[in-house]
Amino acid sequence: MSLVDDFRSLHHGRAPGDPLVLPGPWDAVSARVFADAGFPALATPSAGVAASLGYADGAVPPDEMFAAVRRVARSVSVPVSADVEDGYGLPPEELVERLLETGAVGCNLEDSSGGALKDPREQAEWLAEVRSVAGDRLFVNARVDTFVHGDGDPEQAIERARLYVEAGADCVYPILAPPGVLPRLRAGIEGPVNVAAKPDGPSLRELGERGATRITFGPGLLLRATQALREIAGSLK
C-alpha cells in the first residue's frame, strides 16, 4: 500500500469515539517527535510553519512553504499532509506537481482569500480541476471557512461541503465550527470531517463522538511548545 493509500484508509471505518489524530509539525524536529510517538500520519499547519519561518500567518512565500513541507516529509516515514492555504493562485497542474515534489500525500485547500469567502461553485470547479490532475495521488481536504469569514450558518457550511465532496474532495474541514454544531454538520456532510481541537475545548474523544473523523490542531502545538520553551528560558536566567 502506498503512503497516500495508507493515509486515505486512515479516514475510513473509524468508530465515533476514535477520530484520526494528526499532530501538526512545523519543522523536521517536531515531525520526528510526533512520528516517534507513534502517530500514523501528520498534517503541517500553515500558521505554525509561518511562525517557524519568521512570517505572519498567510505571508509565507510559496517557495518557502513548499520547501518547509519537503523537509518535514523527508524526515519521517509516515504520510504527511500539507496546509497550502488557498493554493497561492497556482494553476492546478503546478500546484499538484509542487505538492507531489515535496513528498506530501495530502493537502488543505481553503475557500477564502484575503478574509473573504470565495464563490462556492467556483471553488468547487477549481477543486474538481485539482482532483482531475492529481487523480488518487493526493488526499484533498477542502476547508470550509464559513465560521471564520462567513455568518457561521451551519447550513451554508453543509452546502459548501456538499459541493466540494461532489467535486472530489476526500474530506471537508469546517474550521472553527463550534462544538455544539458538530452533530448537525456530521449529519449533513457526506464523508470524513476534519475538526480543529482547542486546549480549552472538548476532549479528542468527545470531538469524535460529536462528529469529527479527524482532528488537527492548527498552530496550537507550536504555541504550546513555545510556552514550554519560554519556561525553559526563564529557568536559565
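**Aromatic pairs and a helix crossing**

A search of the whole structure finds three aromatic pairs, a pair being rings of Phe, Tyr and Trp (its six-membered ring) whose centres lie within 6.5 Å, with planes under 30 degrees apart counted as stacked, over 60 as edge-to-face and the rest as tilted. One of them joins Trp26 and Phe34 in an edge-to-face arrangement, at 6.4 Å centre to centre and 80° between the planes. Both Trp26 and Phe34 are buried, where buried means under 20% relative accessible area, exposed over 50% and partly exposed in between (1.4 Å probe, protein chains only).

This is a predicted model, in which local features need pLDDT of at least 70 and side-chain atom pairs count only at pLDDT 80 or more, while totals for chains, interfaces and linings use all residues. Residues are numbered from 1 along each chain as its sequence is written, and side-chain values use heavy atoms, with hydrogens and water left out.

Another pair is formed by Phe66 and Tyr88, whose ring centres are 6.0 Å apart and whose planes stand at 75°, so this pair too is edge-to-face. Phe66 lies in helix 4 (residues 62–75) and Tyr88 in the loop between strand 3 (80–83) and helix 5 (92–102), so that the pair links distant parts of the chain, 22 residues apart; helices (H or I, at least four residues) and strands (E, at least two) are DSSP runs, numbered from the N terminus. Phe66 counts as buried because its relative accessibility is 2%, and Tyr88 is buried with a relative accessible area of 19%.

The crossing of helix 6 and helix 8 is right-handed, that is, the near helix is turned clockwise from the far one by less than a right angle.
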